[in-house]
Amino acid sequence: MNLGAHAFFILAAYGIAAVTLAALMIWIALDYRVQQRRVRELEERVRKR
Amino acid sequence: MPLIDYANPHRFQRLAARLIPLLGVVSGTLIVLGLATGWVAPADYQQGEMVKVMYIHVPFAWLSLGGYTVMAISALGTLVWRHPLADVSGKAAAQVGAVFCFLCLVTGALWGRPTWGTYWDWDPRLTSVLVLFLLYLGVLALWRAFDDPLRAGRAAAILALVGFINVPIVKFSVDWWNSIHQGASVSKLGAPTIDPSMLYPLLFSALGFFVLFLVLHMALMRNELLRRRARTLRILRAAEAEQ
């Protein structure tokens, strides 16, 4: 597909959007794992007492 | 079960666990459909292929305003009804909304350079969207400024409500003042002034990003609820250790 003289601007817009949204999704998924593990560990410690 | 019953942290967690993967697939499908049909749609007679940026820029712009509206409604829930999920929702909306607003500004600048000859202009629409982004950053900064999430939630809710005055300013800035930004073309009363070959891909893409917004909002709320649960457990342990 020929995007013409402004290909850089079109590809940059799509690229930045894709990278930013992917970074947000990865951060959310990693944070979910961290928080889940933290809650599990704390609940186990509370239960042992 | 009435919808209001889901506004309970435990029920919300169970609902989110089921909905996040399902809506994730729906959102991905709609975005791919919208962008793919947009890429094969004919070029605009004035802007040429640059119109392809519209299929992402316009949804980001709509969701920047939509995200702020969710944040303001959540702020009402925090300040008026003191609902436990309201400030969790407000914080999540601020996080997703800030990202969509950032993308709106960046894709707008990249669209503006070839069409207007500049990345940036202190134009009413562009400036009011920048103010919207700064308001998002302000709300997020307030969330980080307090250790106690309840105090942080109240301070962030006040700023979110005060800043809501900017939402109609963004929307109507192109009608109230002279602007290099084009006026409304999809939401015009009567009929949209956009060809159906571009309108349908735009609507599919917008719907897909809207569902993505819901998924990200729900996922961030789920993380925040876990973070608060961990905080409560840490406080309980510390209190037990002191006895």
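Mentor: Helices themselves are DSSP runs (H or I, at least four residues), numbered from the N terminus. Bear in mind that this is a predicted model, where local features need pLDDT of at least 70, side-chain atom pairs count only at pLDDT 80 or more, and totals for chains, interfaces and linings use all residues. Residues are numbered from 1 along each chain as its sequence is written, while chains are lettered from A and ligands numbered from 1 in the order in which they are written.

Trainee: Why is H1(A) called roughly parallel to H7(B)?

Mentor: Helix H1 (residues 7-48) of chain A packs on H7(B) at about 25 degrees, with the axes 9 Å apart. Angles under 35 degrees count as roughly parallel, over 145 as roughly antiparallel, 65 to 115 as roughly perpendicular and the rest as oblique. So H1(A) is roughly parallel to H7(B). Their crossing is left-handed, meaning that the near helix is turned anticlockwise from the far one by less than a right angle; clockwise would be right-handed.

Trainee: What makes H2(B) and H7(B) oblique to each other?

Mentor: Helix H2 (residues 54-81) and helix H7 (residues 196-242), both of chain B, pack at about 45 degrees with their axes 9 Å apart. That angle falls in "the rest", so the pair is oblique. H2(B) passes H7(B) in a right-handed crossing.

Trainee: Which residues of H2(B) and H7(B) meet?

Mentor: Among them are Trp62(B) and Leu63(B) in H2(B), and Phe209(B) and Phe213(B) in H7(B). Contact means that C-beta atoms, placed from the backbone, lie within 7 Å. The residues of this contact divide into 13 nonpolar, two polar and no charged. Here Ala, Val, Leu, Ile, Met, Phe, Trp, Tyr, Cys and Pro count as nonpolar, Asp, Glu, Lys and Arg as charged, and the others, Gly among them, as polar.

Trainee: And why is H2(B) called roughly antiparallel to H3(B)?

Mentor: The axes of H2(B) and helix H3 (residues 86-116) of chain B come within 7 Å and cross at roughly 160 degrees. With that angle, H2(B) is therefore roughly antiparallel to H3(B). The crossing of H2(B) with H3(B) is left-handed.

Trainee: How many residues does each chain give to the contact?

Mentor: Chain A gives 24 residues and chain B gives 28 residues. The chain A side has 14 nonpolar, five polar and five charged residues.

Terms used
Two residues are in contact if their C-beta atoms, placed from the backbone, lie within 7 Å. Axes are lines fitted to C-alpha atoms, for helices over the stretch in contact, and angles run from 0 to 180 degrees between N-to-C directions. Helices (H or I, at least four residues) and strands (E, at least two) are DSSP runs, numbered from the N terminus.
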